[in-house]
Amino acid sequence: MRLSSSLWVCSLASLLCLLQLPHAKTSPLPSIAGAPFHSDVVQNLFPLLQSKKFQDIPDLTVTLERNVSQPGLHRSLLTKIEWSRPLSKDCRLALVETLPEYMYVDLDEDKEMERFGGPVVSALFPIDVEKPTSASPSHTVVVHQPAADGERVSYVPLPIHFRYQTASEDLQYIPVKVLDPLVFVKCSKSTSDTWKHVATVSVQQAPDQLIPVGFLPHYPMVTAGTLATTLLGIAYIMRHVLNHCQSETKKWR
């Protein structure tokens, strides 16, 4: 009976301590410098993509080189753009990336990257970063930034992520493809001007990426290990809770 009363006292004391903790406050993000450009892309470029009526710039072409770095499911895609001629400082470039169901971008991560000088990443719809490949649609995002001022080379970085794949009986990795982008340019700050398509002469594609897959023969071992780790964690926590309550009981005597 005494031990039961002590446990009640210990639980009440812990609850009072939690109630006295300061609550976390949320603060609004600072204004993003790329917000006007995001609005321009949403209002003008996305409808143009849906209409599929592109106007090419006759005297401008590009050559693309794509590279993917970093291992695992979270990687970085770097696009090198070589222009056939230099662009003026008021020009902006836009890469239209098609993300298949096995790939996604984290828009919150991209917004943080934008705050520190990265490109602006725009999408028409939210992207669920938790869904597996089997439950995910494809997405279209636009990565836009100032074009190279007087230079003939631009670099566009983009963090990309791969979704969990359906478990397999015989494969531990599957190859997936990074699709080629479309390139658009707009050389005026006026939203009334039209984004124009730039023809791609050649693309050095990124190699197919090997993505880890759940290996079903490992299922019994993983299940047993997870269960054992969970039980050990529960026992560890309960031991420390009981030790703490016993020490608190001695103080109340």
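Let's start with a term: pLDDT is the predictor's confidence in each residue, from 0 to 100. We need it because this is a predicted model: local features need pLDDT of at least 70, side-chain atom pairs count only at pLDDT 80 or more, and totals for chains, interfaces and linings use all residues. Residues are numbered from 1 along each chain as its sequence is written, and side-chain values use heavy atoms, with hydrogens and water left out.

So, confidence. The protein averages a pLDDT of 83. A score of at least 70 is reached by 84% of the residues. Now the elements. Helices (H or I, at least four residues) and strands (E, at least two) are DSSP runs, numbered from the N terminus. Helix H1, residues 2–20, has the lowest mean pLDDT of the elements, 45. Strand E2 has the highest, 95. Over residues 1–33 the pLDDT is below 50. Beyond near neighbours in sequence, that stretch has 15 contacts in the model. Contact here means heavy atoms within 4.5 Å.

Next, the overall picture. The protein has four helices and eleven strands. Take contacts between residues at least 6 apart in sequence: 78% of them join residues at least 24 apart. Buried means under 20% relative accessible area, exposed means over 50%, and partly exposed is in between, using a 1.4 Å probe and protein chains only. Of the 253 residues, 31% count as buried.

On to the inside. A nonpolar core is a set of buried Ala, Val, Leu, Ile, Met, Phe, Trp, Tyr and Cys residues joined through side-chain atoms within 4.5 Å. The largest one has 34 residues. Which residues have the most contacts inside it? They are Ile81, Trp83, Phe162 and Val198. Several strands supply at least two residues each, including E1 (56–69), E2 (74–83), E3 (92–99) and E7. Look at Ile81. Leaving aside neighbours within four places in sequence, Ile81 is in contact with residues including Val62, Leu64, Leu93, Leu95, Val153 and Val156. Another core lies apart from the largest one. That other core has ten residues, among them Leu45, Phe46, Ala94 and Trp195.

Grid points are joined across faces, edges and corners, and a volume is the space filled by probe spheres set on the points. The search of the whole structure finds one cavity of 30 Å³ or more. The largest cavity holds about 40 Å³ of space. Its lining includes Arg66, Leu77, Glu97, Met103 and Ile160. E3 and E7 are the elements that give two or more residues to this lining. E3 gives the most, three residues.

Now some single residues. First, Gln165. It sits in the loop between strand E7 (153–162) and strand E8 (173–176). Is Gln165 buried or exposed? It counts as buried, because its relative accessibility is 15%. Not counting residues up to four places away in sequence, Gln165 touches Tyr102, Thr133, Ile174, Ile211, Pro212 and Val213. With Thr133 there is also a side-chain polar contact of 3.1 Å. A polar contact is a pair of N or O atoms within 3.5 Å; within protein, one must be able to donate a hydrogen and the other to accept it, and residues adjacent in sequence count only if both atoms are side-chain atoms.

Then Asp59, in strand E1. Asp59 counts as partly exposed, because its relative accessibility is 48%. Its side chain makes a polar contact of 3.3 Å with the side chain of Arg85. Asp59 and Val198 are 139 residues apart along the chain, yet their C-alpha atoms are separated by 9.2 Å.

Helix H3 covers residues 107–115. Asp106 caps its N-terminal end. A side-chain oxygen of Asp106 lies 3.1 Å from the backbone nitrogen of Asp108. Within H3 is Glu112, whose side chain has a polar contact of 3.0 Å with that of Arg115. After H3 comes Gly117, with a positive phi near 100°.

Lys52 has a positive phi near 60°, and lies in the loop between helix H2 (35–51) and E1. Gln70 has a positive phi of about 75°, and lies in the loop between E1 and E2.

Terms used: On a 1 Å grid over the protein atoms alone, a cavity is a set of points where a 1.4 Å probe fits but cannot get out, and a pocket is an open set with protein on both sides within 12 Å along at least five of seven lines; lining residues have an atom within 4 Å of a point.
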